[in-house]
Amino acid sequence: MLEARDLTISYDDRIAVSDVTLTLTPGEITALVGPNGAGKSTLLRSLNGQVPRTSGAVLLDGQPIEKYNRRTIGRRVAVVAQEAELRFPVTVLEFVLGGRFAWGPSSGWGWETEQDLRVAAAVLAETELHELSGRLMNELSGGERQRAVLARALATEAAFLLLDEPTANLDLSHQATLLNLVRKRCDMRQASSLVVTHDLNLTAQFADRILLMRDGKVVRLGKPEEVLTAELLNQVFNVEVLVDAHPITGAPRVTPIRRN
Ligand SMILES: Nc1ncnc2c1ncn2[C@@H]1O[C@H](COP(=O)(O)OP(=O)(O)O)[C@@H](O)[C@H]1O
Ligand SMILES: [Mg+2]
């Protein structure tokens, strides 16, 4: 299990995450939503111990995350940051193999083992990128690049996938493809995922739970129908919305109301 317990994080004297408690459990997708500046990215990045805490704890299997070395954390927790820098002219295969780094013996190129290559080939097939494996990362379309970023995270074989806006800028079909890959990893391998997104209707369909944050604090954590209420969304996003049941899936459906 990966847990944040009463976690508070400040940048200088400004609090970005305030007293957040969250447990990521196997097989579950938790969506992390909230207005810009709510502290979503800070919380996500803190869960692999990379962001210094002000107070509280991050626990991996019940132990403070500081007790583990970086390689061990790298094998357990995969973090995909928002707008990851991808200007290096590496091929898709090289990029995805980078996800095996924490399993390798040392730094430098040419360290990858047969096992690393097998895992990379499998995730490239899974993400339907095998035909593009020799293509340079900076020569991919937005959707392909975001799939490659997910492929690299899947190649880590980490039990915890922390994804910051992985579907931003993707069209409807690519959004669904990407989230289906995350769902599959959670179902088949009992992985656990935390996904930041602004698409509330999408969260209602793919998330088991939603964590709604504002000003660094947890507003509510629960099932989609417990979090996606008109009253709460109005209060947090300051827009009037209609929430009804999707006629086919029955999931909560959020529609902004425009009034003149
Ligand atoms: N590296 C940083 N240094 C200083 N302040 C930061 C840094 N990153 C984020 N912040 C601030 O912390 C708050 C939360 O930011 P962030 O976690 O990026 O929110 P979100 O991802 O929900 O938009 C914001 O007020 C932001 O300005
Ligand atoms: Mg962010």
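A crossing of two helices is left-handed if the near helix is turned anticlockwise from the far one by less than a right angle, and right-handed if clockwise. The model discussed here is predicted: local features need pLDDT of at least 70, side-chain atom pairs count only at pLDDT 80 or more, and totals for chains, interfaces and linings use all residues. Residues are numbered from 1 along each chain as its sequence is written, while chains are lettered from A and ligands numbered from 1 in the order in which they are written.

The protein contains nine helices and 12 strands, these being DSSP runs numbered from the N terminus (helices H or I, at least four residues; strands E, at least two). Its C-alpha trace spans about 60 × 40 × 30 Å along the principal axes.

Helix α4 (residues 114-126) and helix α5 (residues 142-155) have axes that come within 9 Å and cross at roughly 140°. That angle makes α4 oblique to α5, since angles under 35 degrees count as roughly parallel, over 145 as roughly antiparallel, 65 to 115 as roughly perpendicular and the rest as oblique. The crossing of α4 with α5 is right-handed. Val119, Ala120, Val123, Leu124 and Glu126 of α4 make the contact with Ala151, Leu154 and Ala155 of α5, where contact requires C-beta atoms, placed from the backbone, to lie within 7 Å. Seven of these residues are nonpolar, none is polar and one is charged.

The axes of α5 and helix α6 (residues 172-189) come within 10 Å and cross at roughly 10°. These two helices, α5 and α6, are therefore roughly parallel to each other. Here Gly143, Gln146, Arg147, Leu150 and Leu154 in α5 meet His174, Leu178, Leu181 and Arg185 in α6. The contact of α5 with α6 divides into four nonpolar, three polar and two charged residues.

Key
Axes are lines fitted to C-alpha atoms, for helices over the stretch in contact, and angles run from 0 to 180 degrees between N-to-C directions. Two residues are in contact if their C-beta atoms, placed from the backbone, lie within 7 Å. Ala, Val, Leu, Ile, Met, Phe, Trp, Tyr, Cys and Pro count as nonpolar, Asp, Glu, Lys and Arg as charged, and the others, Gly among them, as polar.
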